[in-house]
Amino acid sequence: MDPSRKRRIRLTVALTAALLLASALIYTSFSAGEDVVTASQLIKQAKPGRTYILGGTVVSEQHQGSLLMFRVRDPKLDESVPIQYRGLVPDPFAIGRGVLVTVQEQGASFVGQPGSLTTKCPSKFQDANAKAA
């Protein structure tokens, strides 16, 4: 076989393999992410037994032993949902802080999965005008 033909075949096979690997990587990265829902979206679309990642601002909190009960408000609307959570609570957790928590609907409230509560750093989410003030 001609050496230049061998090179073309190898190049075609290598480019095809690279294209397939790149496509698989792109598909995996887009399909692996989960959408964060707001309180108003959660109220409208929640189905019992399904888990959701809820994002919003803490507007109230109350401790009853190891149970933490708090409300998360939609950043753009005045709707909020009650959350019951048992597990480790991050130190920066406080009223007014942005949080993410994985929840499931149970009755009139939502139950957070233990270990899923995280807080957002407010400095990363302020706009340039708020930082300059």
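This is a predicted model: local features need pLDDT of at least 70, side-chain atom pairs count only at pLDDT 80 or more; totals for chains, interfaces and linings use all residues.
Asp-74 sits in the loop between strand 3 and strand 4.

Now the charge. Is Asp-74 buried or exposed, and what is its nearest side chain of opposite charge? Asp-74 is buried, and that nearest side chain belongs to Arg-73, 6.7 Å away. A salt bridge needs a side-chain nitrogen of Lys or Arg within 4 Å of a carboxyl oxygen of Asp or Glu. Asp-74 has no salt bridge.

Next, the aromatic rings. How many aromatic pairs does a search of the whole structure find? The search finds 1. The pair is Phe-70 with Phe-93, edge-to-face, with 5.2 Å from centre to centre and 75° between the planes. Phe-70 is in strand 3, residues 67-73, while Phe-93 is in the loop between strand 4 (80-86) and strand 5 (98-106). The two are 23 residues apart, and the pair links distant parts of the chain.

Why do both count as buried? The cut-off for buried is under 20% relative accessible area. Phe-70 counts as buried because its relative accessibility is 2%. Phe-93 has a relative accessible area of 9%, so Phe-93 is buried as well.

That is my last slide.

How values were computed:
Residues are numbered from 1 along each chain as its sequence is written. Side-chain values use heavy atoms; hydrogens and water are left out. Rings of Phe, Tyr and Trp (its six-membered ring) pair if their centres lie within 6.5 Å; planes under 30 degrees apart count as stacked, over 60 as edge-to-face and the rest as tilted. Helices (H or I, at least four residues) and strands (E, at least two) are DSSP runs, numbered from the N terminus. Buried means under 20% relative accessible area, exposed over 50%, partly exposed in between (1.4 Å probe, protein chains only). Lys and Arg count as positive and Asp and Glu as negative; His and the chain ends are not counted.
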